[in-house]
Amino acid sequence: MSRLFSSLQRRTFSPSQLRSGVGGSSRAYNVITPSEQASVLQDDIAKIRRDFLAAKENFVQIPDALKGIPKMNPRGIYVNKNLRMDDIQVCGFDYDYTLAHYSTNLQTLIYDLAKEHMVNELRYPQCCLEFKYDPTFPIRGLYYDKLKGCLLKLDFFGSIEPDGCYFGRRKLSRKEIEEIYGTRHIGRDQLWGLVGLMDFFCFSEACLIADMVQYFVDAKLEFDPSYIYQDVNYAIQHAHQSGLVHRGILSDPDRYLVKNGQLLRFLKMLREKGKNLFLLTNSPFNFVDGGMRFMLEDSLGERESWRELFDVVIAKANKPNFYSSEHPFRCYDIEKDTLAYSKVDAFLPNKIYYHGCLKSFLNITKWNGPEVMYFGDHLFSDLRGPSKAGWRTAAIIQELESEIQIQNEDSYRFEQAKFHAIQELLGKLHATVSNGKRSEEYESLYEQLNDERQKARCTMKKMFNRSFGATFLTDTGQESAFAYNIHQYADVYTIEHRSETLLLLMLRFVIVGNSIPQKDYKLGIFGAIMSVEARWGHSNSMDSKKGKKGASSGKDRELRKLNSSVSSDVYDGRERDSRKKLVKSVHVWFLFWDVLCVLSVYIGADLICSQETKMESMFLEVVLNFGGGLCSGLWGNQWQEAVDGQMLI
């Protein structure tokens, strides 16, 4: 077992180590006679038990092993697709939770207004007025089952999190989940009965749904879960559409709005870079105007107007229908608070427009496809439509900063390393009895390992949200369904608009994971590949005017540098031979990658980009954090189990 934890400290590994599993050893389980089978199984279980005991003793070594592992940048930009910002000529923005950020007091306001509407207008019991918004309960990215009444957190593959299923405010056990759904694996094809709660306004909605369901359960009243959702959703929509929320915010902007001193500078820098800007929001103009005036009152001059920053301002756009309807634009008269009757065939400066549709917008502006980037917070209303229309998309995810900060903490990284070590041992234990009888020794060891794994899972979960854990991760450290939607609809994502973020956006994005120093090949084959790709991406941008031949020569040039670097006399014979094998593997990788890229042209695939496929990023993350041996054993097994709908968690 000592070899398992030495892999946490070892930063050099070879392709042979990747194939061999934990500790670099490979064992083949050959077919044996029945008389020998029991003895072999006992020996294997005994060995795993010894490894487990050694692991518990070596847990104290984990903190030292983690010191050399780089941490993520909470305020960084995270990229799903390759992007050159100098190709972007137009930047569009949503308003709520994109340009304007709100305090947590807003969720309480929305919750209370919706609750009062349900009691006063929909005749819910008066005792419901006593409900209080609980900010510790919901997270973004949950699903509500309108048929069964459960709030669900799903993982990347569409399976219900074992500790992420609530009926009202009560968490359901695994047995109860299986009784209700038959299996934890729902699958994305079966999500039609579920409602995704994906934007920042969903916190109050999820909490109110759970509280209403819990009321009916406690009162022992029969109810239809779909009616609960329908009424809660209607009440929250009424709070917005009636203007109650907007008037509440503008009546006390210091309580609800969060000023951003960099917002004006950010927008002006975009203008100075020659970008066209537009604002596309579902909110009414008076609310947007009041909020922008408040946020920029310390930055704008007396005669300046925030509207001068935008080429086009569109309010009450009715997204996501805006992207598929053919509704005409109407010019809004600010003074009279009325809509004009004349046809809109051009967007005039300093004018405000209502409604409209994407088709008319593109016809009027002549802004097409990849030259447009739209910033928004709602993955479905803001980003899914633009993504399908060919726009580039940027998601504003405020939770990103706090969750990355937690993942960077030593306590979390310690529990995560423990979890993966125990998970590896459980995988080996399952493999020993895959075709054999489970003995008492097996059951005893399995129970001990599973208890240790559950302790690590619970500890990691409590570091985030007490009810559902992290927004982006499951309790096992895998990506959640919310993270899957970000991959689907956001080209890039970050926490907010900042001037330093803009400067980064002006660079060419290449998915290279953590930054790799130019001559640091200690991470092995994938580290070397990423180092070449990172520098080749830079040289490729400089060679872009030379055409395909220039771009190809950029990669060749970097590969030649890698060749020459391992031929240096500073290495002894054994080290030089090892590095030559590494370089050979890098060449084979790029050959394989080039073949995939050619195939992608013929099959029309849009998923073959530099280091951005799902399994590669998962594989790379474990390599960077836990060593190559653990990587091959862990992800190889879990990927197959995930495909079968039987993720071992």
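1. In which sense do S13 and S15 pair, and over how many bridges? Strand S13 (residues 329–333) and S15 pair in the antiparallel sense, over four bridges. Two strands count as paired if DSSP finds at least two bridges between them. Strands (E, at least two residues) and helices (H or I, at least four) are DSSP runs, numbered from the N terminus. Phe329 stands opposite His355 in S15.

2. A word on the basis. This is a predicted model, in which local features need pLDDT of at least 70 and side-chain atom pairs count only at pLDDT 80 or more, while totals for chains, interfaces and linings use all residues. Residues are numbered from 1 along each chain as its sequence is written, and side-chain values use heavy atoms, with hydrogens and water left out.

3. The ten-strand sheet. It is open, with mixed pairing, and its order is S1-S18-S17-S16-S3-S11-S12-S15-S13-S14. Strand S1 (78–79) and S14 are the edge strands; each pairs on one side only. S13 and S14 run antiparallel and are joined by two bridges. Tyr332 stands opposite Leu339 in S14. Four residues lie between the strands of this S13 and S14 hairpin, and there Asp337 takes a positive phi near 55°.

4. S12 against S15. Strand S12 (residues 312–315) runs parallel to S15, and three bridges join the two. Ile314 stands opposite Tyr353 in S15. Ala315 has Tyr354 of S15 as its bridge partner.

5. The loop between S12 and S13. Two backbone features here deserve a look. Lys316 is found in this loop. Lys316 is not a glycine, yet has a positive phi of about 45°. Pro320 lies in the loop between S12 and S13 too. A cis peptide bond joins Lys319 and Pro320, with omega about 5°. For context, most residues other than glycine have a negative phi, and most peptide bonds are trans.

6. The five-strand sheet. This open sheet has the order S8-S7-S6-S5-S9, with antiparallel pairing. Its edge strands are strand S8 (170–171) and S9, each pairing on one side only. Strand S5 (residues 142–145) and strand S6 (residues 150–154) pair in the antiparallel sense over two bridges. Tyr143 has Leu152 in S6 as its bridge partner.

7. The second largest pocket. Its volume is about 1400 Å³. A pocket here is an open set of points on a 1 Å grid over the protein atoms alone, where a 1.4 Å probe fits, with protein on both sides within 12 Å along at least five of seven lines; lining residues have an atom within 4 Å of a point. Grid points are joined across faces, edges and corners, and the volume is the space filled by probe spheres set on the points. The second largest pocket is lined by 50 residues, with Gln237, His240, Gln241, Asn282 and Lys319 nearest its centre. Lys319 also takes part in the cis peptide bond with Pro320.

8. What builds the lining. Elements that give two or more residues to the lining of the second largest pocket include strand S9 (194–197), helix H7 (202–218), helix H8 (225–241), helix H9 (244–251), helix H12 (285–296) and strand S15 (352–355). H8 gives the largest share, six residues. The lining divides into 21 nonpolar, 18 polar and eleven charged residues. Nonpolar covers Ala, Val, Leu, Ile, Met, Phe, Trp, Tyr, Cys and Pro; charged covers Asp, Glu, Lys and Arg; the others, Gly among them, are polar.

9. H7 and H8. Their axes come within 10 Å and cross at roughly 140°. Axes are lines fitted to C-alpha atoms, for helices over the stretch in contact, and angles run from 0 to 180 degrees between N-to-C directions. H7 and H8 are therefore oblique to each other. Angles under 35 degrees count as roughly parallel, over 145 as roughly antiparallel, 65 to 115 as roughly perpendicular and the rest as oblique. The crossing of H7 and H8 is right-handed. Right-handed is the clockwise case; a crossing is left-handed if the near helix is turned anticlockwise from the far one by less than a right angle.

10. H9 and H12. These axes also come within 10 Å, crossing at roughly 20°. H9 and H12 are therefore roughly parallel to each other. Their crossing is left-handed.
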